[in-house]
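Hi everyone, thanks for making time for this one. Have a look at the sequence and the model on the screen, and then I'll walk you through some side-chain pairs.

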Amino acid sequence: MSLSDWERNGWAVRHQTSPHEIRDLLEVVERDLADSAAEGLSADWRMNIAYNAALQAATAAMAAAGFRPPRDAHHHRVIQSLRETIRADAGVVATFDAFRKKRNISGYERVGLVSDADAAAMRALAVALRNEVTAWLRVNHAELLEP
């Protein structure tokens, strides 16, 4: 299913991005990757920060493809869009979505659900997605990357 099909289903909205928007999103990714490695933070918070880095990388890819998610199920749609934008493997998307669910529980319902291993795994996923998205941008949307 293409992002145009998503638009017809109300799962995505057409969006005109710019190099400025893509740069800003990628700067958030870099900030959050750095912050997610900070010592002294709980595993819950490190995972949350790494999750946001990955989410912003996926948002940049979706924007470059000419779409943005609607407010309803925003995070879910951005994560699922990786299959259409960078052609992410279904396993990567499923892992990212599992972290989304864990983040929701740890952020709103229960402390201590996230282990150090979870935080490290989410950070590794965020780094990999950052790398894949920037490589995809260079090949498919180089005009959106400022020199």
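Let's start with W11, which is partly exposed, with a relative accessible area of 28%. By the cut-offs used here, buried means under 20% relative accessible area, exposed means over 50%, and partly exposed is in between, with a 1.4 Å probe and protein chains only. W6, by contrast, is buried at 6%.

Before going on, a word on provenance: this is a predicted model, where local features need pLDDT of at least 70, side-chain atom pairs count only at pLDDT 80 or more, and totals for chains, interfaces and linings use all residues. Residues are numbered from 1 along each chain as its sequence is written, and side-chain values use heavy atoms, with hydrogens and water left out.

Rings of Phe, Tyr and Trp (its six-membered ring) pair if their centres lie within 6.5 Å; planes under 30 degrees apart are stacked, over 60 edge-to-face, and the rest tilted. The W6 and W11 rings have centres 6.1 Å apart and planes at 80 degrees, so they are edge-to-face. For Y51 and F96 the centres are 5.6 Å apart and the planes at 70 degrees, so that pair is edge-to-face too. Y51 sits in helix α3 (residues 43-64) and F96 in helix α5 (residues 90-108), so the pair ties together parts 45 residues apart in sequence. Helices here are DSSP runs of H or I, at least four residues, numbered from the N terminus. Y51 is buried, at 1%, and F96 is buried as well, at 0%.

Now for the charged side chains. The whole structure holds 11 salt bridges, meaning a side-chain nitrogen of Lys or Arg within 4 Å of a carboxyl oxygen of Asp or Glu. One of them joins D116 to R46, with the closest N and O atoms 2.8 Å apart. D116 is in helix α6 and R46 in helix α3, so this pair ties together parts 70 residues apart in sequence.

Finally, R23, D24 and E27 are linked in a salt-bridge network.

Notes. Helix = DSSP H or I, 4+ residues; strand = E, 2+ residues; numbered from the N terminus.
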